[in-house]
Amino acid sequence: MSLFKIGSLAAKPGEKVSGHIEAMELVDGSRLPIAVTLINGAAEGPTVFVGGGAHGDEINGVRAVIDAVGRIDPARLKGRIVAVPVQNPLAFRARYRLITFNQLDQQNMHRAFPGSPAGDMASRNCHLILNDIVVEAGCDLVIDCHTGSTGSYYPPLVFVSTIGPDEAVRRSLAAARVFNAPFIIAAGGKAGVYAMGSMLHMVAVERGIPAFGCELGTALPAEARHSDLGAAGIRDVLIHLGMIEGEMGPRRTQIELEEIHEVRSERGGICDYLVSPGDEVAKGQAIARVINLFGETVHEAVSPVDGYVTTCTYWGSINQGERLARVARKPRT
Ligand SMILES: [Zn+2]
């Protein structure tokens, strides 16, 4: 066993070390600190990256990482863990989804992987996470914890890309199932948000590094039931990989879905939902009604497919063209 080093941090075998590594330079000449925990096990085993906070308002994911990593005893760990509970510290400081301090550049870290050391702020941040942490550590698995953004609510689900070397896809799906969320979206190559590319889990799998992400409720309010599910899922995956001892939690029924469809409002107004996140819906079933400010129903949105509601947008009001919901289609049999 050797020293586990990332940036200025180093953990000896059997040791857990936490601190901040320095990222991009800011307007005042300071360097953006990224909190990292390295756990170097006392015995050989896989290396796992566990991250949260790529979007700065998604606290349940941040908390899941902190809680999962906090329970690891390095003396009993086989392998290594590198944890980055907040991958996007600028957005985290602002309690906001995106990097907020530059109106010109691409700001969404979840659309900027693999990133570039010569790119904009999001791109540099992504390059640091992927190149200087995930690749540098030699990770065998990437777990990226998210929630819906403020106003957007997900049932707990995992998302996996199926575009990449067969073995990486197989290992990604196996780990994602072990995570034990009620829903699994295997979306690579199909329609919908998790097939857009430029996301950490997609880029990792394309490069042969098994990976999956999870959605754990919503940004506001932060909810322990969701962060607890995430922390338990991470623990079960570490057991699955043989890195820690223990019994996995009782297995849930899991529903596997594929392409995700957006349901957008054709009118502006106030919206009433007729379904909840996680509900099964049939093609053509009414999902939400939009009323105008005079109380008249002006639009009834329906599900475009047979599937399950994976997101509702709980702003209460809606502009024409904004997303009311997402529905993930059941696989064609
Ligand atoms: Zn997110």
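Predicted model: local features only at pLDDT ≥ 70, side-chain atom pairs only at ≥ 80, totals over all residues.

User: How do you know that domain 1 is in contact with domain 2, and how many residues are involved?

Analyst: Two residues are in contact if their C-beta atoms lie within 7 Å. By that test, 17 residues of domain 1 are in contact with 13 residues of domain 2. On the side of domain 1 that touches domain 2, β8 (152–153) and β10 are the elements giving two or more residues. The residues of that side comprise 12 nonpolar, four polar and one charged.

User: Why is a set of residues called a nonpolar core, and how many residues does the largest one have?

Analyst: The name applies because the residues are buried, come from a list of nonpolar types and are joined through C-beta atoms within 7 Å. The largest such core has 102 residues, and among those with the most contacts inside it are Val142, Ile184 and Ile185. Helix α3 (residues 121–135) gives the largest share, eight residues. The core also draws at least three residues from each of domain 1 and domain 2. Leaving out residues up to four places away in sequence, Ile185 touches Leu157, Phe159, Tyr194, Leu257, Glu258, Ile260 and Ala328.

User: What makes α3 mostly covered?

Analyst: A residue is buried if 20 or more other C-beta atoms lie within 10 Å of its own. In α3, 11 of its 15 residues are buried, including Met121, His127 and Val134. The buried residues of α3 pack against β1 (4–6), β3 (15–25), β5 (43–52), β6 (78–84), β7 and α5.

User: Which residues of α4 are buried, and why are they said to be on the same side of α4?

Analyst: Ala168, Val169, Arg171, Ser172, Ala175 and Ala176 are buried in α4. They cover an arc of only 165 degrees around the axis, so they lie on the same side of α4. The face turned away from that buried side carries Asp166 and Glu167, which are exposed.

User: How does the span of α4 compare with the expected value?

Analyst: Helix α4 (residues 166–178) has 13 residues and reaches 18 Å from its first C-alpha to its last, close to the 18 Å expected at 1.5 Å a residue. Just after α4, Asn180 takes a positive phi of about 75 degrees.

Methods
Residues numbered from 1 in each chain as written. Helix = DSSP H or I, 4+ residues; strand = E, 2+ residues; numbered from the N terminus. Expected span 1.5 Å × (residues − 1). Buried ≥ 20, exposed ≤ 12 C-beta atoms within 10 Å, placed from the backbone. Arc of directions from axis to C-beta. Nonpolar A, V, L, I, M, F, W, Y, C, P; charged D, E, K, R; others polar. Domains from an automatic or database assignment.
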